[in-house]
Amino acid sequence: MTAEIHVLSAGAIEPGLVEAVDAFREESGNDVRITWATTPVIRKRIAGGEAADVVIATQEAIEDFAREGEVAAKGRAPVGRVGIGIVMRRSSPAPEISSAGAIKYAVLDADSVVFNRATSGLHVERMLGEMGILERIQPKTVRYGNGPSMMEHLINGKGKEIGFGAITEILMFRDKGLKLVGPLPDEIQHYTDYVAAIMSDAPNPGGAKQFTRYLAAPATKALFAAHGIE
């Protein structure tokens, strides 16, 4: 029996990666197990000695892992980039979001502002700070450790709530009562690049090489693009 390939991956690319893994299983006959975590948590887990065959995280994190000898120098596969969008309950009136000023007004006008503590949430925090409103909205700000948890909060919430998250994660909840109001305008948009790399102590290095090559294939890139991963 072919050894399982263990992938430790950031959750922002989940919809595309799940479909890619299904296609890889069918094509190769190899099984893949995915462990989901935010990039900050992935950093902690790898620093604590956790081993996987392939790690998928932000480009910055992968470069840090390379410097620390945690991932191999060769065999990386760019997965794609993910932008940040605004999410609300489907029943909520959508605010004007065409400019940074419009978003500032929408945030100040909201009953609560929801975002995560992962990569996208860290950018949103910086953005709100640069707008000069982070401290003003602190009493009505709700933070979660990951995207799915904040989406569940919005689904079950009430009042005029506005959320910020990875567009890919927002799209995963379209059939559960949420809507993508739209991406952040270009002037304040932030894209996060995700890269797959083989871990230096991969238990299944052969499977890891095969899987990363598959992620770099044109057909797989097209599959990711269909799920909002550019």
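Which helix do R25 and D22 both lie in, and how many residues apart are they? I looked this up first: both lie in helix α1, three residues apart, about one turn of the helix. Helices here are DSSP runs of H or I with at least four residues, strands are runs of E with at least two, and both are numbered from the N terminus.

**Ground rules.** I am working on a predicted model, where local features need pLDDT of at least 70, side-chain atom pairs count only at pLDDT 80 or more, and totals for chains, interfaces and linings use all residues. Residues are numbered from 1 along each chain as its sequence is written, and side-chain values use heavy atoms, with hydrogens and water left out.

**Salt bridges.** I took a salt bridge as a side-chain nitrogen of Lys or Arg within 4 Å of a carboxyl oxygen of Asp or Glu. The count comes to ten. R25 meets D22 at 3.1 Å, N to O, and D31 meets R25 at 2.7 Å. For exposure I used relative accessible area: buried is under 20%, exposed over 50%, partly exposed in between (1.4 Å probe, protein chains only). R25 is partly exposed at 30%, as is D22 at 41%, and D31 is partly exposed at 38%.

I then checked R143 and E125, whose closest N and O atoms are 3.1 Å apart in a salt bridge. R143 lies in strand β7 (residues 141-144) and E125 in helix α5 (residues 119-130), so the pair ties together parts 18 residues apart in sequence. R143 counts as buried at 18%, while E125 is partly exposed at 30%. Going back to the shared partners, I found D22, R25 and D31 joined into one network.

**Aromatic rings.** I paired Phe, Tyr and Trp rings (six-membered ring for Trp) with centres within 6.5 Å; planes under 30 degrees apart are stacked, over 60 edge-to-face, the rest tilted. The whole structure has two such pairs. F24 and F211 are edge-to-face, 5.1 Å centre to centre with 75 degrees between the planes. This pair links helix α1 (residues 14-28) and helix α8 (residues 205-215), 187 residues apart.

**Core.** A nonpolar core is a set of buried Ala, Val, Leu, Ile, Met, Phe, Trp, Tyr and Cys residues joined through side-chain atoms within 4.5 Å. The largest has 41 residues, and F211 is among those with the most contacts inside it. Strand β10 (residues 192-198) gives this core its largest share, five residues. I also noted a second, separate core of 22 residues, including I86 and L184.
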